[in-house]
Number of protein chains: 2
Amino acid sequence: MVRLAPIAANLPATVPFVGPETLERQAGRPFAARLGANENGFGPSPRAVAAMQAAAGEVWKYADPTSHDLTHALAAHHGVQACNIIVGEGIDALLGLLVRLTVAPGDVVVTSDGAYPTFNFHVAGFGGVLDKVPYRNDAEDPQALLARARQTGAKLVYLANPDNPMGSWHDGTAITAMLDGLAPDALLVLDEAYAEFAPASAIPKIAADDPRVIRMRTFSKAYGMAGARVGCAIGHPDLIAAFDRVRNHFGMNRTSQIGALAALADQDWLAQAVAEVDRARGRIAAIAADNGMTALPSATNFVAVDTGRDGAFARRLVDALATEGVFIRMPGTAPLNRCIRISCAPDPELDILATALPQAIQSITRA
Amino acid sequence: MVRLAPIAANLPATVPFVGPETLERQAGRPFAARLGANENGFGPSPRAVAAMQAAAGEVWKYADPTSHDLTHALAAHHGVQACNIIVGEGIDALLGLLVRLTVAPGDVVVTSDGAYPTFNFHVAGFGGVLDKVPYRNDAEDPQALLARARQTGAKLVYLANPDNPMGSWHDGTAITAMLDGLAPDALLVLDEAYAEFAPASAIPKIAADDPRVIRMRTFSKAYGMAGARVGCAIGHPDLIAAFDRVRNHFGMNRTSQIGALAALADQDWLAQAVAEVDRARGRIAAIAADNGMTALPSATNFVAVDTGRDGAFARRLVDALATEGVFIRMPGTAPLNRCIRISCAPDPELDILATALPQAIQSITRA
């Protein structure tokens with residue numbers, strides 16, 4: 001039997017990512033409300049749907065490996081040059097490529113304890129050493145991240161703003177202040193997957209050519225196209241160009257390129273989706289309050305709801321909600337894991353949540 | 001500026017993959033006939049198209065990270081167990097993951113000089129050392145590959161059967177004979193992207209649990225879904241399970257999963273596409289003969305046409321055909337590069353080829 005290379009041989013064999021479909025198969029029935037993956041049930045722009053449907057028959061063609069049209073449209077949208085943008089198969093893929101480009105085995109990478117696990121998966125996957133800083137007041141802590149990065153000589157520092165899984169956010173000035181303290185050979189990985197849901201003040205003003213930071217954006221959240229796998233990184237042209245050394249050049253889905261281009265052009269739909277998400281956040285907060293729980297403020301399309309109890313209780317509540325047909329998730333690390341994380345969705349799904357949550361709580365209390 | 005990790009820092013900054021869209025933008029007009037990327041212009045099953053169109057509005061959902069339904073359908077189709085199959089974003093992505101799993105920096109990988117460049121890109125991309133064996137009679141040479149692998153202690157040996165870019169193929173018994181000589185810790189990477197076009201005798205009978213080989217299949221060629229990025233690897237359960245250590249778990253396109261499942265179920269369409277491709281191979285051979293050139297036998301959806309001249313002539317012919325609006329490619333290595341490589345396509349595109357080829361030849365001869 002072939003031997004795995006040393007890094008791969010030392011990686012965990014267990015899979016940290018369990019999708020709702022696996023849970024559905026285990027339960028023998030589909031979820032009635034899918035509120036666990038921060039998907040956007042308000043859906044993609046109808047223009048994007050129409051464009052993808054029209055392009056379906058042409059899927060015998062590979063996609064343009066440069067994603068030229070989408071790259072240029074994104075550059076115009078963000079007010080940067082095309083050389084500042086690399087399109088990829090979602091932020092997850094781009095994070096993997098970035099780690100591969102920058103992290104050698106043994107290099108230190110700093111993140112927050114409880115932050116995005118897929119980033120950690122990539123760092124471990126390339127032999128990097130993760131160093132974690134605690135959340136502070138349910139938010140990532142830019143100054144603590146900075147201090148730890150300086151102390152450890154980290155190559156990368158990961159910060160999501162707004163944050164997943166807590167939904168918290170910082171003012172853009174907190175990000176730029178952090179940047180200003182960063183060592184010259186360190187890079188801030190600024191994951192802005194949820195940026196469209198956040199107040200404008202949360203988006204830091206950083207020159208696209210700034211070599212200290214790479215920003216990540218996606219069509220998976222506000223644009224409602226998670227299954228299409230389209231994201232982009234924005235950064236210094238030299239770093240952006242380096243992705244060409246390692247990326248799967250013909251890896252983009254052709255239909256997704258076309259759909260993302262149409263979605264980007266439909267900013268009215270985006271604004272409407274963001275407004276619907278805002279309304280849904282309010283409704284989730286009301287449902288939480290009706291059940292004696294507290295929704296944390298959120299600048300994302302999900303709400304972290306403080307159960308007022310501990311991680312064991314939250315885990316039982318997640319499981320009880322699954323039994324009631326509602327898929328949600330929860331943070332993995334204390335004290336964040338006193339919360340459950342509920343994705344925004346149209347009213348029919350939130351109606352189901354409103355009915356299921358008290359039943360789930362009762363089933364735990366009774367047990 | 002962040003320093004790249006050593007392997008990435010030493011990779012070429014130039015991009016080896018130029019798509020037809022880049023050439024079209026340079027020329028300022030689209031190609032009239034797209035015959036260069038071994039795409040299948042006979043297109044995907046109408047059932048796959050309909051399934052993808054029906055699923056377009058649901059693209060706000062991530063795909064099932066286990067590709068459960070498609071994996072099980074592929075297992076049934078190939079007569080293996082689900083644990084023998086890993087679905088991925090095309091063979092290109094799966095080859096990258098395989099190299100990452102098995103090749104440590106400095107490990108030797110054996111392939112043929114002129115064979116699939118994307119595999120070489122991945123090997124170099126993870127610090128592997130490529131050792132190349134010449135083609136023999138325009139075909140990859142299993143026994144020479146085997147001998148070189150044994151001599152160098154190679155971790156991986158790559159063999160495409162049928163071969164790209166020559167279209168040649170071996171009987172399955174030549175593959176199994178090669179396997180029998182392989183060192184116990186070496187792995188044969190058997191790229192069967194074009195298997196559906198080949199005679200049944202070309203497909204070796206190898207137990208799915210055989211730890212000496214991993215086979216690659218795709219929806220990009222016979223199934224006509226290159227832009228959808230769906231492929232699979234078939235191999236020993238332990239090796240297949242190892243992909244979970246490094247793959248992008250939520251990387252599959254949801255619509256593509258659904259389309260591939262529908263395409264797999266429509267074997268009548270597949271048979272028809274394979275028959276159309278066979279007819280197109282004959283027509284390309286006739287067009288070649290009309291122009292004093294010789295089509296090589298092919299078990300793929302493309303034809304290598306021997307120009308009877310050298311690589312410089314073939315390069316000029318490829319460029320002259322581009323000027324005439326016809327996109328083709330050519331092998332990169334002598335003596336294979338005396339040929340041009342033309343993808344099979346419906347008659348309207350081959351009509352354009354039939355008109356353009358003599359004009360292109362004349363333009364070179366006149367120059």
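Is Asn248(A) buried or exposed, counting other C-beta atoms within 10 Å? Asn248(A) is buried, with 23 other C-beta atoms inside that distance. Here a residue is buried if 20 or more other C-beta atoms lie within 10 Å of its own, exposed if 12 or fewer, and partly exposed in between, with C-beta atoms placed from the backbone.

This is a predicted model, in which local features need pLDDT of at least 70, side-chain atom pairs count only at pLDDT 80 or more, and totals for chains, interfaces and linings use all residues. Residues are numbered from 1 along each chain as its sequence is written, while chains are lettered from A and ligands numbered from 1 in the order in which they are written.

Asn248(A) sits in the loop between H9 and H10 of chain A. Helices (H or I, at least four residues) and strands (E, at least two) are DSSP runs, numbered from the N terminus. Pro65(A) is 183 residues away from Asn248(A) in sequence, yet their C-alpha atoms are 8.7 Å apart. Not counting residues up to four places away in sequence, Asn248(A) touches Asp92(B), Ala93(B) and Gly96(B). Two residues are in contact if their C-beta atoms, placed from the backbone, lie within 7 Å.

Between the chains, 73 residues of chain A are in contact with 71 residues of chain B. On the chain A side, the elements giving two or more residues are helix H1 (6-9), helix H2 (20-27), helix H3 (46-55), helix H5 (90-102), helix H9 (237-242) and helix H10 (254-265). H5(A) gives the most, with 6 residues. By residue class, the side of chain A that touches chain B divides into 36 nonpolar, 21 polar and 16 charged. In this division Ala, Val, Leu, Ile, Met, Phe, Trp, Tyr, Cys and Pro count as nonpolar, Asp, Glu, Lys and Arg as charged, and the others, Gly among them, as polar.

**Helix packing**

Two helix pairs of chain A are described next. The axes of H4(A) and H10(A) are 9 Å apart and pack at an angle of about 25°, which makes H4(A) roughly parallel to H10(A). H4(A) passes H10(A) in a left-handed crossing. Asp69(A), Leu70(A), Ala73(A), Leu74(A) and His77(A) in H4(A) meet Gln257(A), Ala260(A), Leu261(A) and Leu264(A) in H10(A). The residues of this contact divide into 6 nonpolar, 2 polar and 1 charged.

For H7(A) and helix H8 (residues 172-181) of chain A, the axes come within 9 Å and cross at roughly 15°, so H7(A) is also roughly parallel to H8(A). This crossing of H7(A) past H8(A) is right-handed. Pro142(A), Gln143(A), Leu145(A) and Leu146(A) in H7(A) meet Ala174(A), Ile175(A), Met178(A) and Gly181(A) in H8(A). The contact of H7(A) with H8(A) divides into 6 nonpolar, 2 polar and no charged residues.

Axes are lines fitted to C-alpha atoms, for helices over the stretch in contact, and angles run from 0 to 180 degrees between N-to-C directions. Angles under 35 degrees count as roughly parallel, over 145 as roughly antiparallel, 65 to 115 as roughly perpendicular and the rest as oblique. A crossing is left-handed if the near helix is turned anticlockwise from the far one by less than a right angle, and right-handed if clockwise.

**Backbone features in loops**

Most residues other than glycine have a negative phi, and most peptide bonds are trans.

| Site | Feature | Value |
|---|---|---|
| Asn161(A) to Pro162(A) | cis peptide bond | omega near -5° |
| Asn164(A) to Pro165(A) | cis peptide bond | omega near 25° |
| Asn38(A) | positive phi | near 55° |
| Ser67(A) | positive phi | about 45° |

Pro162(A) is found in the loop between strand E5 (156-160) and H8 of chain A, and Pro165(A) has its place in the loop between E5 and H8. Asn38(A) lies in the loop between strand E1 (33-34) and H3 of chain A and counts as buried, with 22 C-beta neighbours inside 10 Å. Ser67(A) lies in the loop between H3 and helix H4 (68-78) of chain A; with 25 such neighbours inside 10 Å, Ser67(A) counts as buried.

**Asp141(A)**

Asp141(A) lies in the loop between strand E4 (129-133) and helix H7 (142-152) of chain A. Asp141(A) counts as partly exposed because it has 19 C-beta neighbours inside 10 Å. Leaving out residues up to four places away in sequence, Asp141(A) touches Ser112(A), Val133(A), Tyr135(A) and Arg136(A).
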